[in-house]
Amino acid sequence: MIGNVKLSSLPREFEVGINKAFKDSYVFDFLNLPESYNEGDLQKGLLRQMKDFILELGRDFLFIDQEYKVQV
């Protein structure tokens, strides 16, 4: 039973602010997104850039679709 298990105090002490959640900052200027954008716009922009990059590599590389789920 989980209720009887004594958990470590580490998870309770590991609260961080949203600004400290990501160690690296990311610059997406190359996506040419509008000033205010949502997660969907970011995803589409990144997929578009990856698709263009993969297609530039030549015929030895394959671009299947925007999202292709792989079952492992």
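Start by selecting Phe 28: at 25% relative accessibility, this residue counts as partly exposed, a class that lies between buried (under 20% relative accessible area) and exposed (over 50%), judged with a 1.4 Å probe on protein chains only. You are looking at a predicted model, in which local features need pLDDT of at least 70, side-chain atom pairs count only at pLDDT 80 or more, and totals for chains, interfaces and linings use all residues. Residues are numbered from 1 along each chain as its sequence is written, and side-chain values use heavy atoms, leaving out hydrogens and water.

The structure holds 2 aromatic pairs. In one of them, the ring centres of Tyr 26 and Phe 28 are 6.2 Å apart and the planes meet at 15°, so the pair is stacked. For Phe, Tyr and Trp (its six-membered ring), pairing needs centres within 6.5 Å; planes under 30 degrees apart are stacked, over 60 edge-to-face, and the rest tilted. Bring in Phe 30 as well, and ring pairs link Tyr 26, Phe 28 and Phe 30 into a cluster.

Next, select Asn 32, in the loop between α1 (10-13) and α2. Asn 32 has a positive phi of about 55° although it is not a glycine, and it is exposed, with a relative accessible area of 65%.

Move on to Asn 38, which caps the N-terminal end of α2: one of its side-chain oxygens lies 3.1 Å from the backbone nitrogen of Gly 40. The chain has 2 helices and 0 strands, taken as DSSP runs numbered from the N terminus (helices H or I, at least four residues; strands E, at least two).

Colour α2 itself. Its 19 residues reach 27 Å from first C-alpha to last, close to the 27 Å expected at 1.5 Å a residue; the expected span is 1.5 Å times one less than the number of residues. Which residues of α2 are buried? They are Leu 42, Gly 45 and Leu 47. Across the protein chain, buried residues make up 6% of the 72 residues.

Just after α2, click Gly 58, which takes a positive phi of about 115°. Phe 61 lies in the segment after α2 (39-57).

The protein chain exposes about 7,700 Å², with carbon and sulfur atoms supplying 54% of it; areas come from the Shrake-Rupley method with a 1.4 Å probe, and for residues only the protein chains shown count as cover.

Technical notes
Polar contact = N/O pair within 3.5 Å; in protein donor to acceptor, adjacent residues only side chain to side chain.
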